[in-house]
Amino acid sequence: ATAGMTGAAAAAAAAAWAYAGHETVGAMLAWTVLELGEHPEVLAKLRAELDGVGEKEEEAMAGKAAPPPYLECVMKESLRLHPPITFFSRALTRVGR
């Protein structure tokens, strides 16, 4: 636990982070599916790329292979168009160097 944070507070913080991560991933996937439905040419190109991944599926599932490049581009574009977190709030902790 972090200094000054009780075990219960740490557990609550971890649960909040897990939920926030789940929600943002769900939102990203939902927007990506919507965009793919509106752009069948992108979906066709993505399917063609993923059809060629079959022989490397075991490595990909084990996290040993890099994601297919077009899939990565599609996901990044979806995040650019529909960011799940639209702002970051920051606080000034000191002035100057």
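Modeller: Helix H4 makes the greatest contribution to the lining of the largest pocket, giving six residues. Helices here are DSSP runs of H or I with at least four residues, strands are runs of E with at least two, and both are numbered from the N terminus. The model is predicted, so local features need pLDDT of at least 70 and side-chain atom pairs count only at pLDDT 80 or more, while totals for chains, interfaces and linings use all residues. Residues are numbered from 1 along each chain as its sequence is written, and side-chain values use heavy atoms, with hydrogens and water left out.

The volume of the largest pocket is about 160 Å³. Sorted by class, the lining has six nonpolar, three polar and two charged residues. In this scheme Ala, Val, Leu, Ile, Met, Phe, Trp, Tyr, Cys and Pro are nonpolar, Asp, Glu, Lys and Arg are charged, and the others, Gly among them, are polar. A pocket is an open set of points on a 1 Å grid over the protein atoms alone, where a 1.4 Å probe fits and protein lies on both sides within 12 Å along at least five of seven lines; lining residues have an atom within 4 Å of a point. The points are joined across faces, edges and corners, and the volume is the space filled by probe spheres set on them.

Glutamate 35 is buried but forms no salt bridge, and the nearest side chain of opposite charge, that of arginine 80, is 8.9 Å away. Buried means under 20% relative accessible area, exposed means over 50%, and partly exposed lies in between (1.4 Å probe, protein chains only). For charge, Lys and Arg count as positive and Asp and Glu as negative, whereas His and the chain ends are not counted. A salt bridge requires a side-chain nitrogen of Lys or Arg within 4 Å of a carboxyl oxygen of Asp or Glu. Leaving aside residues up to four places away in sequence, glutamate 35 touches Leu81 and His82, where a contact means heavy atoms within 4.5 Å.

Arginine 80 is exposed, at 56% relative accessible area, while glutamate 77 is partly exposed, at 34%.

The structure holds two salt bridges, and one of them joins the side chains of glutamate 72 and lysine 76 (3.3 Å, N to O). Both partners lie in H4, four residues apart, which is about one turn of the helix. Glutamate 72 is partly exposed, with a relative accessible area of 33%, and lysine 76 counts as exposed at 53%.

Methionine 75 is likewise placed in H4. Its contacts, not counting residues up to four places away in sequence, are Met28, Leu29 and Thr32. The C-alpha atoms of methionine 75 and leucine 29 are 8.4 Å apart, although 46 residues separate them along the chain.

As for the chain in general, there are four helices and zero strands, in the order α-α-α-α from the N terminus. Of its 97 residues, 12% count as buried. Among contacts between residues at least 6 apart in sequence, 62% join residues at least 24 apart.
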